[in-house]
Amino acid sequence: MIVKMSKITLLVDEASSKSALKSLRKLGLLHVKPLPNPPSGDMSELEARIENTRRILLVLGEVEEVKQKSKGKAAKIVDDLLEATQTRLNLRRELDVLKDAEAWYDEWSKVSLKDLASLEEKGFYIKLYQLSPTAWKLEQEKENLFALSETKESVKIAMLSQDSEEVLDYRPVSVPEMAYDDVLATIDKTEKELAKVEKVIESSRDSIDLINAYIETLEGELKFADIQNGLGMDESIAWLQGYAPVEEAKAIEIAAAKNGWGYVEEAPAEGDNPPTKLQNKKWIKIIEPVFDFLGTTPGYREKDISMYFLLFFAVFVAMIIGDAGYGMIFLLVSIFATFKTTKGGKKLPDIIILLYVLSLTTIGWGAITGTWFGSISEGSFLNALVVDALRDQNNVQLICFILAVFQLGLASIMNFIDSLPKLKAFEHIGWLNLTLGAFLLVLQLVLGDNKPAFFDAFMGAVVPLMASGFLFVVLFSAQEPGKSFLKGVAGGLGGAFNTFLDSISSFSNIISYIRLFAVGMASVAIADSFNSMASGLMHGPAIVGGIIVLLIGHGLNLVMGLLSVMVHGIRLNLLEFSGQLGLEWTGYKYEPFKDKK
């Protein structure tokens, strides 16, 4: 459920605002909404510091395990590493220039500017050029031109002249300023300096945990600076506003009385947008990592569908993956992750618990449909687990449509209950009727005579259900408290065309659940194809190739299945179900101002 929030305003003396914020942060209950003032100098410095420190982490890279705890102050370590990385960058640039000079001498000659200068003192001038073979043919008759080397692409030449002004109509090649021997010596010196710097950086890799903690500290200081910068000011009084759960607001009131702060608590106004705090039972909370991954949070005044999302998502994943063998892989990954995570006595993360649930539902669905790594379990002991009716594709499609009408119908019922006792509640009875009518129509159009005979008795209700549903939506969708019934009807008639279009979407929403069948069937078909490809190789030396085909094929299919879960399994919850509920996911998470632990 979504926890109710109180809107809290605190007033303090401007001179004591900083100490008040420290006390408030220690309390760790108020989600503060700072005013959008321009960033202060302190904030800019902290942001730059955080960015530079994160750059250091990128330089150090990842380590699997820190063998030795680094000692020292994180700020000093970061400063030293920033200096070392800048030195390394400068040395690498210098080394590149020197290597280019060395390559020049290897290509041309070991002649240096000093050599050329001594020749010039004797009245001889040498200029170097690099010409194309075509240009060289035009110039090679000149007696003072000498080819140093020739390739298909270019000709390196030297021009010897006693006239300092004599030049060719080509750009001359520059000679490195440093002599060849000096270049080699400087390269050696630079490489040694670079090795020392690299050693300093490498020796700091055991500081990664310390630096990560330092970043958290900096982020906390930035948050503090942001809130301090966002205080409202009125003469010598500073004030801030925020939100806290109703049951925890009393603790803030006690702190305000103890510290002499002004304190005002009120219910959020209609135009306010409080943060959302979800409070669910442990078994429901395991779906929250999915919300975090998607970056979706229900609005404060919207519904919390965590429980329904979890239940339907588990079923959707099972049907989309559709293979008990793949479910076993997920289960093994879950077990491995459990040992890896809890080895240090840490609590098992919700995402791993969720993976257990999805593994078991996938194994369950694969077992009752008889699919193990793309093969049907006929003739084995696993066949005892199979529900024969689920080997009929029509029955699986029927299950998809039943899931659709159940989930979408549930949304309409939830909306009806939430809207009571308003007349507008009966709009959702209309949507329920439209959903039921669309369900029966889809059965007739998609399954036809292959649908169970049980539904034949209800086919005559398609038109009455859809007509009554449309009528209910028109009559009650615009009904508002304090407005006459007839005015509400007039408003509904004004939107009748849009209602008609939305009625058609009810049909498409039901149809969209067929993706569970289609994607699951495609996954099984792909797995079966790779099995067939590998079966011809499973003898003699070729068995190695067969194993490779199986590993690549099933690995690729498994990845595609996971992508399908993201695209289709989540879509049905976030679009079809949420759309029927009117849920827009407009919220943001409750994140109280507190010390980072």
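This is a predicted model: local features need pLDDT of at least 70, side-chain atom pairs count only at pLDDT 80 or more; totals for chains, interfaces and linings use all residues.
User: Which residue does K451 form a salt bridge with?
Analyst: With D456; the closest N and O atoms of the two are 3.3 Å apart. D456 itself is partly exposed, with a relative accessible area of 43%.

User: How many salt bridges does the structure hold?
Analyst: It holds 18. As background, side chains of opposite charge can pair when their charged atoms come close.

User: And which parts of the chain does the R49 and D79 pair link?
Analyst: R49 and D79 meet through their side chains at 2.7 Å, N to O. The pair links distant parts of the chain, with R49 in helix α2 and D79 in helix α3, 30 residues apart. D79 is partly exposed, at 38% relative accessible area.

User: What about K277, which residue is its salt bridge partner?
Analyst: E248 is the partner, with 3.8 Å between the closest N and O atoms.

User: Which residues are linked in a network of salt bridges?
Analyst: R88, R92 and E198 are linked that way.

User: Now D304. How far away is the nearest side chain of opposite charge?
Analyst: That side chain is K285, and it is 9.6 Å away. D304 is buried yet has no salt bridge.

User: Where is D304, and what does it touch?
Analyst: D304 is in the loop between α10 and α11. Leaving out residues up to four places away in sequence, D304 touches M1, I2, L278 and N280.

User: Switching to helices. Which residues of α8 are buried?
Analyst: In α8, which covers residues 249-259, the buried ones are A249, I252, A255 and A256. Seen down the axis of α8, they fall within an arc of 115 degrees, so they line one face of the helix.

User: What do those buried residues pack against?
Analyst: They pack against β1, α1, β7 and β8. The face of α8 turned away from its buried side carries K250, I254, A257 and K258, which are exposed. Just after the helix, G260 takes a positive phi of about 75 degrees.

User: And α7, what span should its 22 residues have?
Analyst: At 1.5 Å a residue they should span 32 Å, and the end C-alpha atoms are 31 Å apart, which agrees. The buried residues of α7 include I208, Y214, L218, F224 and N229. Among the elements covering the buried residues of α7 are α1, β2, α2 and α3.

User: What is the phi of F373?
Analyst: It is positive, about 50 degrees, although F373 is not a glycine. F373 lies in the loop between β9 and β10 and counts as partly exposed at 35% relative accessibility. W585 also has a positive phi, near 55 degrees, in a residue other than glycine. W585 is in the segment after α20 and is buried, with a relative accessible area of 14%.

User: Last one: how far apart are G536 and G546 in space?
Analyst: Their C-alpha atoms are 7.7 Å apart, and the two are 10 residues apart in sequence. G536 lies in the loop between α19 and α20 and is partly exposed, at 46% relative accessible area.

Methods
Residues are numbered from 1 along each chain as its sequence is written. Side-chain values use heavy atoms; hydrogens and water are left out. Helices (H or I, at least four residues) and strands (E, at least two) are DSSP runs, numbered from the N terminus. The expected span of a helix is 1.5 Å times one less than its number of residues. Buried means under 20% relative accessible area, exposed over 50%, partly exposed in between (1.4 Å probe, protein chains only). Contact means heavy atoms within 4.5 Å. Lys and Arg count as positive and Asp and Glu as negative; His and the chain ends are not counted. A salt bridge is a side-chain nitrogen of Lys or Arg within 4 Å of a carboxyl oxygen of Asp or Glu. The arc is that of the directions from the helix axis to the C-beta atoms.
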